[in-house]
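Please go through the model below together with the text that follows.

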Amino acid sequence: MYGDNSASASVNTKFSIAGASVTASADDGNVPANTVDGNLTTRWSASGNGQWIKYDLGTNVRVGYIKMAFVSGDTRTSTFDIQTSTDNVNFTTVQSNVTSSLNTSLQTFDFTDVASARYVRIVGHGNSANLWNSYTEVEIYGDAPVVPGVSVSTSAQLATALSNASAGTTIVLANGTYSQTGPFVLSNKNGTASNPITIKAANLGQAIISGGASLQIQNSSNVVIEGLKFTNSGNTGLLLDGSNNIRVTRNRFALQATGSTLIWLQVSGVNSHHNRIDHNDFGPKSDTDPLIAYQGDGNGNISQYDVIEYNYFHDVGPWVANGKETIRLGLSGISLSNGYNTIQYNLFENCDGEPEIVSVKSSNNTVRYNTFKTSKGGLTSRHGHNNSFYGNYFLGDGVESEQAGIRIYGNDHKIYNNYMENLTANAIILDNADYDGGTGGYPSNPSADDLREQWKIYRAQVVNNTIVNSTTGIIVGSGKPLAPQDSRVANNIVKNSTGTLYYEVGTTNTVFEGNIGSGSTVSNNASRTTAQIWSTNPLLTTVNGLQKLSSTSPAINAAVGSYAYVTEDMDGEARSTNDVGADERSSSTSFGKHPLVATEVGPNAP
């Protein structure tokens, strides 16, 4: 395929692309933004086969063709591939080995229309003289896809559309405010996996549920709620009641404060399962009660197989002693039910509501790959059994009080591959308890009061975590009567300048092995041997702002014991002969898993 100067393609709207929306694999100082500045005398340049430049169109659109101009285009030809993607992860090549013509003007490169794409990537293969890829301008043409469905612009129209919805219906809310006394309700409506019922804003964040209104999805399935903004007051913004396969995506929750209690998003009811809450923005919040609360079905069961991911939770406070969790996954009364729910890839920033930012009160759940940044409180397994907490980043500022890590109660929890830095409260604590649920964890007919107690820990495993520059390290026990039993603390690194790094409040049968401590008092238990806690400098080095193993660290290949579930490190890199701590030594500087920033989560993220 060769470029030409015509523009006979089927779609001909030129997309407006800001310089900040253009990125590249590399440049020589001639930056990617130069290709959208309208100036043929500026350029982007990078040398090497496979160097790419990428354009974010902001939303999925139909793409019909591109125009490009090249440095020295009249004396040499350039070769490249054209790729598109909807998610910035999976790219499809729409034209390969495209070759430009000999001129310096904008040349048109047409291809079969791509029905939906947000990202256009040009992968260069150099030019006929050398391996430089040098483009002066790039223009992308197409049009916004026509969204079929029912368009609404008033509250009455929205209520009617919800009442009439069926599988495949898309309800598109025009820009504006939708308010009424009481909730908008979708009840007893069922889409399918391939034809869901969709309730979406025509433009992200511009359809606002306000005033005394809210949205309730009752006894329904296969529904998508997308792009809305909730600013209502006095009522839960979104209630998923007895519903399954509901997706809540790219919405903004900023409910008005009333000085009372208010859950922003609630999941409850019979037959609730396989819901997904992703890419939403939650905050700021000052009222008590959680931003997301799982309340159960009234029969002792929690919603199952739900996923909460890629959300931005921020600016929660002021601090209270109890009742302002960011996420509460269950209640004491449903704590022995199995959720199999996953909380992953979320960013919690300045979530200062109470001691439990994420409070898990159910069993068999996973909390992984989240970033807790400058937030008061921590992650707590308050009730329930067999929860896993791994690959999370807890990043404090070393100044604000109550910035904590992980606290647990109950049986068979696993805490591993977590990274904690500059925390001012307990980093990891296996707490004592005031109720013994037994080694099996399921006593006969526990009372409501029993379920509300803090349950004795059995068989917790704290493995391959890294704690640096924090007030405390790993604590076993407290002042309550029932100490942890049959637990293990293995292959962790604690490097703090104050406090006791491995602190045991009382005598337990906890197994310690393969741990490293440095910088302060290593242990208050004089019987601990070097094989259990080695007092040595782990020789950490700073990589991308984190403290990781240097090439000479004594932690390399030093892990002991058998912990078959530790197959990766905190970066997502495979472990072989395991190192001590959350990091497996690597020479890489770019990692698939890393502390999240605001641009990677929320409604506008890829």
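Phe 80 stands opposite Gly 124 in strand E7. This is a predicted model, in which local features need pLDDT of at least 70 and side-chain atom pairs count only at pLDDT 80 or more, while totals for chains, interfaces and linings use all residues. Residues are numbered from 1 along each chain as its sequence is written, and side-chain values use heavy atoms, with hydrogens and water left out.

Strand E5 covers residues 78-85 and E7 covers residues 107-127; strands (E, at least two residues) and helices (H or I, at least four) are DSSP runs numbered from the N terminus. E5 and E7 run antiparallel and are joined by seven bridges, where two strands pair if DSSP finds at least two bridges between them. E5 also runs antiparallel to strand E6 (residues 92-99), with five bridges between them. In that pairing, Ile 82 stands opposite Gln 95. The hairpin of E5 and E6 has six residues between the strands, and Asn 88 takes a positive phi near 70° there. Seven of the eight residues of E5 are buried, meaning under 20% relative accessible area, with exposed over 50% and partly exposed in between (1.4 Å probe, protein chains only).

On the scale of the whole chain, the domain assignment gives domain 1 (13-143) and domain 2 (150-540); such bounds come from an automatic or database domain assignment. The centres of the two domains, taken over C-alpha atoms, are separated by 42 Å.

Next come the charged pairs. The whole structure has 19 salt bridges, each being a side-chain nitrogen of Lys or Arg within 4 Å of a carboxyl oxygen of Asp or Glu. In one of them, Arg 276 meets Glu 309 at 2.7 Å, N to O. This pair links distant parts of the chain, since Arg 276 is in strand E22 (residues 276-278) and Glu 309 is in strand E25 (residues 307-309), 33 residues apart. Arg 276 counts as partly exposed because its relative accessibility is 28%, whereas Glu 309 counts as buried because its value is 8%.

The salt bridge of Arg 452 and Asp 449 has an N to O distance of 2.3 Å. These two are three residues apart in helix H2 (residues 448-452), so about one helical turn separates them. Arg 452 is partly exposed at 45% relative accessibility, and Asp 449 is partly exposed at 48%.

Glu 568 and Lys 593 form a further salt bridge, with their closest N and O atoms 4.0 Å apart. Both lie in the segment after strand E51 (546-549), so the pair ties together parts that are 25 residues apart in sequence. Glu 568 is partly exposed at 30% relative accessibility, while Lys 593 is buried at 16%. Salt bridges that share partners also join Arg 247, Arg 276, Asp 278 and Glu 309 into one network.

What is the nearest side chain of opposite charge to Lys 285, which is buried yet has no salt bridge? It is that of Asp 287, 5.9 Å away; Lys and Arg count as positive and Asp and Glu as negative, with His and the chain ends not counted. The backbone oxygen of Asp 287, however, lies 2.7 Å from a polar atom of the Lys 285 side chain. Lys 285 sits in the loop between strand E23 (281-282) and strand E24 (292-296). Leaving aside residues up to four places away in sequence, Lys 285 touches residues including Leu 262, Trp 264, Pro 290 and Asp 315, where contact means heavy atoms within 4.5 Å.

Terms used. A polar contact is a pair of N or O atoms within 3.5 Å; within protein, one must be able to donate a hydrogen and the other to accept it, and residues adjacent in sequence count only if both atoms are side-chain atoms.
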